[in-house]
Each structure stands twice: as C-alpha cells, then as structure tokens.
Amino acid sequence: MRLSAMLPLALLALASLAPAQTAMRGPVRPQAVAQTPPMGWNSWNFFAERVTDKDIRAAADQLVSTGMKDAGYIYVNIDDTWEGERDANGVLQTNSKFPDMKALADYVHSKGLKIGIYSSPGPKTCGGYAGSLDHESQDAQLYASWGFDYLKYDLCSFIPAVMEKQAPNDKAAQMRLMIAAYDKMGKALKATGRPIVYSLCQYGWDQPWEWAPALGGNSWRTTGDINAHWDRVYALLEEQKGLAKYAGPGHWNDPDMLEVGNGDLNLAENRSHFSMWAMLAAPLLAGNDLPNMKPEITAILTNRDVIAIDQDRLGHQARFIYAAGEVEVWARDLANGAKAIAVLNAGDNLYSTHPFHLDLAKLGLHGTQKAKDLWNGKDIDLTDNMPIELASHDILLVKIAAPK
Ligand code: GLA
C-alpha cells in the first residue's frame, strides 16, 4: 500500500483514540468565548427584515476591505427573518432569502470571520417567523451543523404564548418560565460541544445580570431597543448606571447594538455613542450599511484606542462618577493601572458646559494627570478644576496611563 493510501487509515486510527483520551480527561469543555466583549456586525439596525444572503456576504467582504476585521470586528450576525418552515421531522428550513446556510457560513469563515444567527424561545420570533419553542436541541444542533458561532435569543412571542398563558397574573412565575427557557437553550448550545456565544435578548426584564451568567449567557440586553436618534442612545446610556459590577470576561451587559453611521446621528453623537459603548464594555456590533459607509464613520468604528478601552482584558465596565448640570463624567479602570475618563456634554448646546470644571478629586486623582485624548490622538494634561468646553452631545475621552 502506498503511503498516501495509508494516511486515511492512520487518521481513522487516531480518531478512534480520541474518545478514550476524552474519557480519561473528563468531558471536553467548549473553548471559552467572549472573554472580551464580542465585536462584529449585525443585520438588524440597517436592513431589518430585508436582509438577504447577499447582504451578509457583502458585510463580510466589507469588514475585511474597510479594516474593521483587523480592528476586531469578527462576528457577522444574521438577525431575524431568515427562518422558513419546519419539515416533517421538525427540522427548521431557511426561507428563500437564505438558500444555503451552510454555504453562507463557509463563505464567512473563509474570510477569517465568525457567523451568528437569531431565534426566539417562543413559537415565533419578533418578526413573526418560526421560533425554537419545543425544538431547542434540534435547533442548537442545526446551528452547530451549519457552523454558527453566535446565537441571539430574543424573547418576543414567549411572553404571550407561554408566560402569560401558563401563569396569568403571576409575574414571579412568568419570570421563572422565562429563565427556564433561557436555561434550556443554554444547555442545548453547550451540548453541541461547539463554542457558541450566547446572547440573551429579553430587554432587561427581571435583572438578567443577576441570573444570565449562571446559565451560560455571554451577554444580556439591559434595555428595550435602540434607534438611531440621540435621545434614544442617551436614554439607554442612563439605564446603564449601577450595572458595572455585573460585567466581566465571558459575561457582559448589552445596551443594544451600535447605531453608529445610521439615522440622524451627527458626528459628535456618533463619537459619543461609540465612546460610551466602549466605556461600558458593551458588545460592539456595528449595524450600519457597510458597502456605503462614509470615511468619517469608518474612522470612528476603527479607532483602535477607543476599541482598546472596550476590549481591555480586565473587563471593568465604566462607572458613572458625577454630573454637573448636563455634563456627565464616567470612568473605568484598565489593565496595568491605567484609567479611562469620559466627559460627555449631554446638553443641547455648547453653553451646557459653562461653567464645567473637571473635579479630579471626585475621580480619586490628585494633581495634574498626563493623558491621551483618544479622538485627536494628542497628549493632554488634566489639571484640577480645568474648564472643559464641548459641543452639544460631544465627548472628551482620555486614557491616563499612570494615574496619580
Ligand atoms: C427585537 C430585538 C431587536 C431585533 C428584532 C428582530 O425587537 O430587540 O434587536 O432582533 O427583535 O425582530
């Protein structure tokens, strides 16, 4: 027998050894995911229900060609409206917008990216497509067989179809049903043996930060849906106060996906939105029209210094420190003793910052601090009581390498 003909036999022999070794070492744990907040792109905020296979391929291509992949955007996530009907065996089919999920996943993987999918614990998704109720293991196995790396699991119809039906007028029992449903999918994903990021989407009901990590949740939405208007972005930011202690490697608060580059957000607002999501150690899932992205939006989304705040290995989410009028100051501790500070003018004009003076003592700092302004890349000295002037909805984001 020639060597080349013997090789498959040798591989078979090796493969047959693997289970024995596994048995000796105990069950194989899927590799840990989301050790820093997941980064990527999701179809919902721009395409909503119009998304197709072609758009997902184009997004993957663009992540590569714009430099976003190199900056850390790895997950290409299909949101709602890919689902078709179940066949006679209960196996979920795709609809005509997604002719071949395995081929699509292979394509995204061939670019060095990962791919995500979406479902609901209810009978239907938010968009009215087939959900996973009573098919949790079957669906998890299907995602794994296609090669998916991320699941967003969105409550929606589970509320009327299960919670309100099985436990009318009993909120506590409804929450138990909800948590059990998320637990069920968490176990189903784990049983696939594939490392799959598990993203809970139930709008922050019943403090998911308290229970989601224990059932394998890698992130949980803390609020209702974002939209591409400053008032909404700011309202979501306000809801994050007090949640810092729940975030850490493998489990993150999710104030919803990015709207950077969408709707009527101006440049200052895009910068502030991106800066604050990075301060919050939020998943950075862009949601804009990548093939038509303007250079100034690419520049915001690929600012390496700001991304490094989000991705800091300690995973310490920013805390709200103080407000003076409409100016807010947030801070987060970074690896190697560094600190990031954000000063946000949430007011409607420049005069909201008159008078604003930075109070270093409130930040636990003493005397002049050498810092870097992460939006203009320049060094800046922060002195006690210094006045800071910011345009409406703009931000000063700095990193202090050696705070005193
Ligand atoms: C909900 C979610 C959104 C999106 C839509 C899809 O509203 O919160 O992020 O997934 O459903 O239908």
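1. The crossing of helices α6 and α8 is right-handed, a term used where the near helix is turned clockwise from the far one by less than a right angle. The axes of the two helices, lines fitted to C-alpha atoms over the stretch in contact, come within 8 Å and cross at roughly 40°. The pair α6 and α8 is therefore oblique, the class left for angles that are not under 35 degrees (roughly parallel), over 145 (roughly antiparallel) or 65 to 115 (roughly perpendicular).

2. This is a predicted model, in which local features need pLDDT of at least 70 and side-chain atom pairs count only at pLDDT 80 or more, while totals for chains, interfaces and linings use all residues. Residues are numbered from 1 along each chain as its sequence is written, and side-chain values use heavy atoms, with hydrogens and water left out.

3. Helix α6 covers residues 136–146, and its buried residues (under 20% relative accessible area, with a 1.4 Å probe and protein chains only) are Glu-136, Asp-139, Ala-140, Leu-142, Tyr-143, Ala-144 and Trp-146. These buried residues pack, by contact of heavy atoms within 4.5 Å, against several elements, including β3 (83–86), α5 (101–110), β5 (114–119) and α8 (171–191). Just after α6, Gly-147 takes a positive phi of about 100°.

4. On the α10 side the contact is made by Trp-230, Val-233, Leu-236 and Leu-237, and on the α11 side by Glu-269, Ser-272, His-273, Met-276 and Trp-277.

5. Lys-370, found in strand β14 (residues 369–373), is exposed, with a relative accessible area of 63%, where exposed means over 50%. Leaving aside residues up to four places away in sequence, Lys-370 touches Ile-380, Asp-381, Lys-399, Ile-400 and Ala-401. The C-alpha atoms of Lys-370 and Ile-380, which lie 10 residues apart along the chain, are separated by 6.3 Å.

Definitions and conventions: Helix = DSSP H or I, 4+ residues; strand = E, 2+ residues; numbered from the N terminus. Axes fitted to C-alpha atoms, helices over the stretch in contact; angles between N-to-C directions.
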